[in-house]
Amino acid sequence: MDPVLLERLTTDAICDGVQQLVVGAVVQHSNRVLLLQRPEDDFMGGIWELPSGKAERGETLDRALIREVEEETGLDVTVVRSYLGSFDYQSGSGKKSRQFNFAVDVAGADPVRLQEHDAYAWTALTEEPPVTDAVRQVLAGYRALQEQAAAEGSRNR
């Protein structure tokens, strides 16, 4: 991942008054993406989301992403492929938060070992998953990138 891009994203967020940097991962396997369900008794309990979590003080976004995917799923990120955009929200503690989303590859897709969520699902990209509008937009952008790559691949054959 381009370190200049990561630094710019972090700097822009701080300039925008963002208090909490969060990273999210689109993990794909066999044309399905991994979604995790938040515990019912947690902030936004029961919703489905991308593997995600807060960057620690001084931690780069790519390092935070790799750590969070491993902590939440037990999966090892092998490549951070592309930046998919961000969205802002207010955290359960009232902090202005920005979630930066990236497409990642992992070493194998199973077993998923949950630490902080109640359930997981591999969801087809063609489905309308039960996620927030912000995550739905991230997945739509990811789907568009996949379609563009497939079209370019067929033209180059």
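Predicted model: local features only at pLDDT ≥ 70, side-chain atom pairs only at ≥ 80, totals over all residues.

Reader: Thanks! How many aromatic pairs does a search of the whole structure find?
Author: The search turns up two aromatic pairs. One of them joins Tyr83 and Phe102 in a tilted arrangement, with 5.3 Å centre to centre and 50° between the planes.

Reader: Where in the chain do Tyr83 and Phe102 sit?
Author: Tyr83 belongs to strand β5 (residues 77-90) and Phe102 to strand β6 (residues 96-106). They are 19 residues apart, and the pair links distant parts of the chain.

Reader: And is Phe102 buried or exposed?
Author: Phe102 counts as buried, at 1% relative accessibility. Tyr83 is partly exposed, with a relative accessible area of 24%.

Reader: Nice. What about Phe87 and Tyr89, what is their geometry?
Author: That pair is tilted, with 45° between the planes and 6.1 Å centre to centre.

Reader: Why does Phe87 count as buried?
Author: Because its relative accessible area is 16%, and buried means under 20%.

Reader: Switching to the backbone: which residue has a positive phi of about 50°?
Author: That's Ser30, although it is not a glycine. Ser30 lies in the loop between β1 (20-29) and β2 (32-37), and it is exposed, with a relative accessible area of 55%.

Reader: What phi does Asn31 have?
Author: A positive one of about 60°, and Asn31 is not a glycine either. Asn31 is placed in the loop between β1 and β2, and at 56% relative accessibility it counts as exposed.

Note on methods: Residues numbered from 1 in each chain as written. Heavy atoms only, no water. Phe/Tyr/Trp six-rings, centres within 6.5 Å; stacked < 30°, edge-to-face > 60°. Helix = DSSP H or I, 4+ residues; strand = E, 2+ residues; numbered from the N terminus. Buried < 20%, exposed > 50% of the residue type's maximum accessible area, 1.4 Å probe, protein only.
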